[in-house]
Amino acid sequence: MKTICVFNQKGGVGKTTININLCAYLAMNGYKILAIDIDPQGNTTSGLGIDKRKLEYSTYDVLVSDVELKDVIKKSDLVENFYVAPSTMELSGAEVELINRNNREFILKNKIESLKDEFDFVFIDCPPSLGLLTINALTASNSVLIPIQCEFYALEGVSQLINTYELIKKSLNKTIEIEGVILNMYDARTKLSNEVMFEVRKFFEKKVFDTVIPRNIRLAESPSFGLPIVLYDDKCKGAEAFTKLCEEFLARQRRE
Ligand SMILES: Nc1ncnc2c1ncn2[C@@H]1O[C@H](COP(=O)(O)OP(=O)(O)OP(=O)(O)O)[C@@H](O)[C@H]1O
Ligand SMILES: [Mg+2]
């Protein structure tokens, strides 16, 4: 079982879009997948058509009480092999509630460990911040997947992102690695997109996936229908890109 967190403290770069769609394609390829939503916005949760009002427990309960992940995990009605640990707004209170708790950075790690080897891959969708929720995700993960949006400020947050990663690697999680960097919202027609791509490849070198995710309106629409792109429009450019990304991701796993 490999745990990967989708991490970038910058908002709106495509963490959730990548989390939902890469997970969906991996599940369709026969891998048993758990997507953990550790973002109070709950976009992975709603983007997979889960009704937050009907939840008995969420990742909030997992973090602040003795509720286990297996008690909150929902099997997706949409895709075989796909399971979700949903979140709600309630989770935004967890950081404060845990302020005096011993080993508060390790709560998620310990809860994931109690799943044993139930899943092939566990993906964690991080919030756009560097608080305790993100620290729990980074501490619990074997690797980080970093989405970068192809826009002017793309590289601005990267040094902070690397600092956080290095800090975690030095202290809470010595074995964490960079799984890869994914360029998102790429527009081949613009000089800017190509410049960002060049800079990101220069900086992260081989860590950057060859597959880039284009800006594609269908990808933006699908969460409002509670569907991953493969079920919303499996012929669009966005779906094509995620099919390729999934293949490349799996090829990299085989090489490791
Ligand atoms: N490749 C794309 N093409 C078009 N729209 C996209 C693409 N990727 C993401 N979006 C849209 O951009 C917005 C931000 O994406 P997303 O929610 O995945 O980012 P995020 O990093 O998870 O944001 P947050 O930091 O708020 O959690 C969403 O409305 C999403 O639908
Ligand atoms: Mg998100």
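Me: How far is an oxygen atom of ligand 1 from an N or O atom in the side chain of T16?
Reply: This is a predicted model, in which local features need pLDDT of at least 70, side-chain atom pairs count only at pLDDT 80 or more, and totals for chains, interfaces and linings use all residues. Residues are numbered from 1 along each chain as its sequence is written, chains are lettered from A and ligands numbered from 1 in the order in which they are written, and side-chain values use heavy atoms, with hydrogens and water left out. For a ligand, a polar contact is a pair of N or O atoms within 3.5 Å. The distance for T16 is 2.8 Å.

Me: What distance separates a polar side-chain atom of T17 from an oxygen atom of ligand 1?
Reply: T17 is among the residues that come nearest to ligand 1, as are K15 and P214. A polar backbone atom of N216 lies 2.9 Å from a nitrogen atom of the ligand. For the side chain of T17 and a ligand oxygen, the value is 2.5 Å.

Me: How much of ligand 1 does the protein bury?
Reply: Accessible areas come from the Shrake-Rupley method with a 1.4 Å probe. Taken alone, the ligand exposes 630 Å². The buried part of that is 81%.

Me: Which element gives the most residues to the shell around ligand 1?
Reply: Helices are DSSP runs (H or I, at least four residues), numbered from the N terminus. Two elements give two or more residues to the shell, α10 (217–221) and α1 (15–28). With three residues, the top contributor is α1.

Me: What is the arrangement of the F203 and F204 rings?
Reply: Rings of Phe, Tyr and Trp (its six-membered ring) pair if their centres lie within 6.5 Å; planes under 30 degrees apart count as stacked, over 60 as edge-to-face and the rest as tilted. The search finds seven aromatic pairs. The centres of F203 and F204 are 4.8 Å apart and their planes stand at 80°, so the pair is edge-to-face.

Me: How are the rings of F225 and Y232 arranged?
Reply: F225 is exposed (over 50% relative accessible area), at 54%. The ring centres of F225 and Y232 are 5.1 Å apart and the planes are at 25°, so the pair is stacked.

Note on methods:
A residue is near a molecule or strand if one of its heavy atoms lies within 4 Å of it. A polar contact is a pair of N or O atoms within 3.5 Å; within protein, one must be able to donate a hydrogen and the other to accept it, and residues adjacent in sequence count only if both atoms are side-chain atoms. Buried means under 20% relative accessible area, exposed over 50%, partly exposed in between (1.4 Å probe, protein chains only).
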